[in-house]
Amino acid sequence: MKQFLLITMCLFSLNVSVAQEKKVNTVQPTIMVLPYTKEGQDIRTILEDDFNKRIAITEVKEAFDNRGFTTKDFVGSLKIALKETTLNSGNKTDLKANVIRLSGADFYVEVEVFVQKSSSGNSVKLILQGYDSFTGQSLSNKVGESGKFYTDDIAKLSQKAVESCAEEFLNTLNNKFGDIVENGRSVRINIGFNVDSDYNMDFEINDDGELISDLIEDWLDDNSFKNYYHTQGISESEMIIDDYRIPLKDSNGRNYRASKVARALRKYIKSLGLEVKTDMEGSGKINVIIQ
C-alpha cells in the first residue's frame, strides 16, 4: 500500500511539473508589426501610399496570429499617437516612438518590402527586424523570399515570403523573450561629470575614504536584476555600464521601464550630497551627469 501511494505521489508530482513546464513554454510576447521607414519618410502615410507594402504587412501579422502570438494593431496605435500629438502640439515628440509606446507591445517588428517584377517572373522579398520595445535592442533578423512566379498576386507572393522565414524568426524572438523573463532586460548607463565639476570618480565622498565610484558600484550591485551588471570601463571622468539588467515587470505587473532606474539612481546620487541630472536616449540608454 505504501509503495502504491509513493508511486502515485511521484506520478502526480511528474504531471504537475510537466503541466508547469507547458504553461511556461506557452507564455509568449505581444508583438506589433509596422513598416520599415527610412529617415525622412512619413510613417503616417507609408502604407497608404504603397498597396504592396500594406498587403505584406498584413500577411506578416496574420502569420504571427496563426502561430498563437498576440499582435497589436499598428493602424490603431498610430491613430492614438496622432491624437496625442495633436493634443500636445507644443511638445517635440517622435511619432514612431509614441506608436510603439502606446501599443503596449513587448516587441515590435519592422518589415521592409521589396516587390520585384521581371519577364522571368515576379517575387517578393521581406526583411524582418525584431526589437525590444522598451530598450530598442535588436533581437531577431531574418530575410524571407517568395521565389519567382508568373503571377501578379502580391498577396500570395508575400505569403510565401513570410512562410519561408516566419517560423525561425519567431522561434528566435520567443527564445529571446524567455531569456529576458529569466535574466532581465539590458540597458546602458553612462555616468560622467560636468566639465566644471569639482568631483570625479576618485573623489573620497565620506569619512570612510570611499570613492564616488565605489558607492555607485555598490548601488548598481544592490539594485540590478539578480545583481547582474557589467562595467565596460571606469576612469577618473566616467563610468560606462554597458549591460545593466532590469526586470521584465514591476511589482504591480506593469512593464518595467528604464526611466525608473534613472529616477532611482538620481535620488541616490543626490543623497550623497551631489547635484545630478539625468536624461534618456531612446528607451535603453541612461545618461547621468554629476554637476
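Are F64 and F169 buried or exposed? Both F64 and F169 come out buried. Keep in mind as you read on that this is a predicted model.

1. **Aromatic pairs.** Let's start with the rings. Counting rings whose centres lie within 6.5 Å, there are five aromatic pairs in the model. One of them is F64 with F169: the ring centres are 6.1 Å apart and the planes sit at 5 degrees, so this pair counts as stacked. F64 belongs to helix α2 (residues 51-66) and F169 to helix α6 (residues 166-183), so the pair ties together parts that lie 105 residues apart in sequence.

2. **A tyrosine pair on the strands.** Y108 and Y131 are worth a look too. Their ring centres are 5.2 Å apart with planes at 20 degrees, and since planes under 30 degrees apart count as stacked, this pair is stacked as well. Y108 is in strand β3 (residues 107-118), while Y131 is in strand β4 (residues 121-132), so here the parts tied together are 23 residues apart in sequence. Y108 is buried, and Y131 is buried too.

3. **A charge over a ring.** If you have the model open, go to Y256. The charged end of K260 sits over the ring of Y256, at 5.4 Å from the ring centre.

4. **S213.** This serine is found in helix α7 (residues 212-223). What does S213 contact, once neighbours within four places in sequence are left aside? The partners are M201, I234 and M239.

5. **The largest pocket.** The space in the largest pocket is about 590 Å³. Its lining is made up of 20 residues, and those nearest the centre are A97, R101, S133, G282 and S283. Helices α4 (95-103) and α8 (258-271) each put at least two residues into this lining, with α4 giving the most, at five residues. Sorted by class, the lining of the largest pocket holds seven nonpolar, eight polar and five charged residues.

6. **R101, up close.** With a relative accessibility of 38%, R101 counts as partly exposed. How far apart are R101 and S133 in space, C-alpha to C-alpha? The distance is 7.4 Å, although R101 and S133 are 32 residues apart in sequence. Not counting residues up to four places away in sequence, R101 touches E84 and R257.

7. **The second largest pocket.** About 250 Å³ of space is found in the second largest pocket. It is lined by 15 residues, and L47, R54, D73, F74 and V75 are the closest to its centre. Which helix gives the most to this lining? That is α3, with five residues. Helices α2 and α3 (74-87) each supply at least two residues of the lining; α2 is also the helix that holds F64. By class, the lining of the second largest pocket counts eight nonpolar, one polar and six charged residues.

Definitions and conventions:
Residues are numbered from 1 along each chain as its sequence is written. This is a predicted model: local features need pLDDT of at least 70, side-chain atom pairs count only at pLDDT 80 or more; totals for chains, interfaces and linings use all residues. Side-chain values use heavy atoms; hydrogens and water are left out. Rings of Phe, Tyr and Trp (its six-membered ring) pair if their centres lie within 6.5 Å; planes under 30 degrees apart count as stacked, over 60 as edge-to-face and the rest as tilted. Helices (H or I, at least four residues) and strands (E, at least two) are DSSP runs, numbered from the N terminus. Buried means under 20% relative accessible area, exposed over 50%, partly exposed in between (1.4 Å probe, protein chains only). A charge sits over a ring if NZ of Lys or CZ of Arg is within 6 Å of the ring centre and within 35 degrees of the ring normal. Contact means heavy atoms within 4.5 Å. On a 1 Å grid over the protein atoms alone, a cavity is a set of points where a 1.4 Å probe fits but cannot get out, and a pocket is an open set with protein on both sides within 12 Å along at least five of seven lines; lining residues have an atom within 4 Å of a point. Grid points are joined across faces, edges and corners, and a volume is the space filled by probe spheres set on the points. Ala, Val, Leu, Ile, Met, Phe, Trp, Tyr, Cys and Pro count as nonpolar, Asp, Glu, Lys and Arg as charged, and the others, Gly among them, as polar.
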